[in-house]
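Here are my notes for anyone opening this structure for the first time. Keep the viewer open beside the text and go point by point.

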Amino acid sequence: MPSSSSLPKLSLLSTLTPSSPSRAWLTAPHPTLPLLATCSSDKSVRIYSLTSFTLLSTITGGHKRSVRTCAWKPNLKGESVLATGSFDASVGIWRRYDTDDLNPKPVIAPVDFDARDENIDEYDEDEWRFAIVLDGHESEVKSVAWSTAGNLLATCSRDKSVWIWEEVGDDDYETIAVLQEHEGDVKCVAWHPEEELLASASYDDDIRLWREDIDDWGCVGVLRGHDSTVWCVQWEALTPNIYGEAEKLDVKEKWMKRREASGPRLLSCSDDLSIRVWRRNPKEKVPQSRLSIIRSGSSEEDWIEETRLPVVHSRPIYSVAWSKSGRIVSTGGDGSIVVYEERWRHSGTGTETTMLGARRDTIDGVE
Amino acid sequence: ATTVPSSAYIPDPFLPPSSDSDESSGDDDSVEPIDEQEIYDLISPISDPEHPLTLGSLSVVNLPDIHLTPTFPEKGSASPLTTLTVLITPTITHCSLATVIGLGVRVRLEQALPPRFRVDVRIKEGTHSTAEQVNRQLGDKERVAAALENGTLLGVLRKMLEGCENLET
C-alpha cells in the first residue's frame, strides 16, 4: 500500500466561539459567503463567520425541540435562505438579506411601527426573518436538502417518509410527493448534482433513489448492502478527480468513459462501520419507435456497489462528504475525522482506481 | 489536539443540567481509571420503572455483564476512548419496558462518566424476545436524543434515577 505521508494533514484551524451549550448536530457552510450555520439541541441555529470564527447571529424561537438539520438554498443573490428541520416534526424556512460591504442592507419599507415596537430587539439583532413553516411530518425531521436548482426541497423523518416540496411562489410551498417505501427512520436525503434524482438513507439499512416519472414521484432504485443503519448519503461532484498518474492511458480512458456514462457516484456511510461508493450501471440505449404509445423500459435504475473505503473508524460513521477536489472525509462516533483519496492503481489487477484512507485526528467531543 | 473547549464535551442527551453532572464531567478526567465495580455502583441503584426495586436487586444489571475496553489505543492520543458495554437482563423475556430500562442505564452512565467513554447498552443475548430491535434503538444516538426530549418519558427516567443522585459526592 502506498505510504500515507503524501496525504493531507489535518490540524485544527479554529474553534467557533461562543459555542452552543449543548450538542451541535450539524454544520452547514454557506454556498457562496464565508458563513457557517450550526444546528443545536438547544433549539437554535447559530450563524458563524468563517473569517473571524465568531458568532454573528442566533436564530431562535422557531422550533420547540432540537434543530437536527439545516440547508442553505443554492443559487441566490443578495439574500440567504435557510431551511431547518427539527425533532418537533416541522421544517422552517428563514430569510435574511446578505449584509456585507459589497451588498448593503436594503431599506425595509414601509415600516410597520406597531410591529417594530413589539419586536424591535429581536428583529434588529439578527435580521433573520421567519418565512414559513412546513408541516406534514409526523415525527422528528432528520435531514433537509435543496435540489441543485433550488426549486425543490426534500425532507425526511423518523416517520419513515420522504417529502418533496416545490416552491411555487414567494414563501409558498406545495407538497409534490410523499414517499413512504422505507421501512424505518429516514436519516438523510441528498440530491444528485445535476439530475432531479434524490437519494435517501434509512434505519432499514437501505438506500433508495427517487425521481419523477410522468408526473409521479417514485422509487427507481434500492441500493442494498449495508448491514445496519445508513446514516448519510452524499454525491460526488460533477467532475471526478483521481489522484496520481495512471500507468496505462487506455485504462484511464476506459475508466473516464464509464464514469461519464454513469455520472456522479453516490457515497454512503453506516452503523456497520463501512463507507461505500455506488455507481450507476448505465442502460444500453434502445431505439424507441416514435409511434409506440407504451413506454419502453421502466425508469428503474441499476446501481452497483463500486468499492468500499478502507476501514478506519471503530464506531458508527455518521457523516461523509465528497469535496470538489475529489477527496472524501468521514466522521463518526469514535471522534476521528478521516480523509480519503482515490488514486490510479499501479498493479495488474482489474480495478482501475483505489481508495486510500488518509491520516486521522482524534477530536474529543465529536460524536 | 484537545483544544476544543470543555463546554463542547458536555454530552447530550441529558436531563436538565444538575450540579452533579457538571462536576463529574469536568473534574476527575482520566486521573483514576474507572473499573467495572464503579460502573456497577453507578447503575445498580436505578429503580425499575414498574417496581419500587433497584436494577441491582432485580439482577437486571450484573457485575460480570459490564465490560470496559480501550478502543483507540493510538500512540500519542491525548485521551484514548474507552468503550463500555453493559448487558442488561430483563426480568421477563417480554418486558415491554426493556427499552426504557436500557435508556435509563445509558443516560445515567453518560451523565456520570467523562466524555471519553462510549457507552453501549444492550440486552443480554437470549433474555428478551425483541432484543435486536431494542438494541438498535438503544444504539441510535438520534433516537436516544429524541426520546429524551419526550416529556413523559423524561418523567419516567427522572423517577428511575432518583435513587442515584445521593451517590454523587
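**Notes on a first look**

1. A:Pro18 sits in the segment before β1 (24-29) of chain A. The peptide bond joining A:Thr17 to A:Pro18 is cis, with omega at about -15 degrees. Keep in mind that this is a predicted model, so everything below describes a prediction.

2. Now step back and take in chain A as a whole. It has 2 helices and 24 strands. Of its 367 residues, 37% count as buried. Look at the contacts in chain A with a separation of 6 or more, and you'll find that 54% of them come from residues 24 or more positions apart.

3. Two spots in the chain A loops deserve a click. A:Lys43 is in the loop between β2 (35-40) and β3 (45-49) of chain A, and its phi is positive, about 75 degrees, although it is not a glycine. Is A:Lys43 buried or exposed? It counts as buried, because it has 20 C-beta neighbours inside 10 Å and the cut-off for buried is 20 or more.

4. The other spot is A:Asp171, in the loop between β11 (162-169) and β12 (172-179) of chain A. Here too a residue other than glycine has a positive phi, near 55 degrees. A:Asp171 is exposed, because 12 other C-beta atoms lie within 10 Å of its own and exposed means 12 or fewer.

5. Next, the inside. The largest nonpolar core has 69 residues, and the members touching the most others are A:Cys70, A:Ala83, A:Val144, A:Ala154 and A:Val233. At least three residues of this core come from each of domain 1 (17-135) and domain 2 (225-282 + 300-367) of chain A. Another core, of 30 residues, lies apart from it; B:Ile88, B:Leu103, B:Val107 and B:Ala146 are among its members.

6. Which residues is A:Ala83 in contact with, leaving aside its neighbours within four places in sequence? The list runs A:Cys70, A:Ala71, A:Lys73, A:Val91, A:Ile93, A:Val144, A:Trp146 and A:Leu153. A:Cys70 and A:Val144 were also named above, alongside A:Ala83, for touching the most other core members.

7. On to chain B, which has 6 helices and 3 strands. Following the sequence, they come in the pattern α-α-β-β-α-β-α-α-α. Buried residues make up 31% of the 169 residues in this chain. For contacts in chain B with a separation of 6 or more, residues 24 or more positions apart account for 68%.

8. From α3(B) come B:Val100, B:Leu103, B:Gly104, B:Val107 and B:Arg108, which meet B:Val156, B:Leu157, B:Met160 and B:Leu161 in α6(B). By class, this contact has 7 nonpolar, 1 polar and 1 charged residues.

9. α3(B) also packs with helix α4 (residues 131-139) of chain B, at an angle of about 35 degrees and with the axes 10 Å apart. This crossing, too, is right-handed. B:Ala98, B:Thr99, B:Gly102, B:Leu103 and B:Arg106 in α3(B) meet B:Val134, B:Gln137 and B:Leu138 in α4(B). The residues of this contact divide into 4 nonpolar, 3 polar and 1 charged. Note B:Leu103, which takes part in the contacts with both α6(B) and α4(B).

10. With 16 C-beta neighbours inside 10 Å, B:Leu97 counts as partly exposed. Leaving aside neighbours within four places in sequence, it is in contact with B:Pro49 and B:Glu50. B:Glu50 is 47 residues away from B:Leu97 in sequence, yet their C-alpha atoms are 8.5 Å apart.

11. Last stop: B:Pro33, in the loop between α1 (19-26) and α2 (36-43) of chain B. B:Pro33 is exposed, with 9 other C-beta atoms within 10 Å. B:Val60 is 27 residues from B:Pro33 along the chain, and 25 Å separates their C-alpha atoms.

Methods: Residues are numbered from 1 along each chain as its sequence is written. Chains are lettered from A and ligands numbered from 1 in the order in which they are written. This is a predicted model: local features need pLDDT of at least 70, side-chain atom pairs count only at pLDDT 80 or more; totals for chains, interfaces and linings use all residues. A nonpolar core is a set of buried Ala, Val, Leu, Ile, Met, Phe, Trp, Tyr and Cys residues joined through C-beta atoms within 7 Å. Domain bounds come from an automatic or database domain assignment. Two residues are in contact if their C-beta atoms, placed from the backbone, lie within 7 Å. Helices (H or I, at least four residues) and strands (E, at least two) are DSSP runs, numbered from the N terminus. Ala, Val, Leu, Ile, Met, Phe, Trp, Tyr, Cys and Pro count as nonpolar, Asp, Glu, Lys and Arg as charged, and the others, Gly among them, as polar. Axes are lines fitted to C-alpha atoms, for helices over the stretch in contact, and angles run from 0 to 180 degrees between N-to-C directions. A crossing is left-handed if the near helix is turned anticlockwise from the far one by less than a right angle, and right-handed if clockwise.
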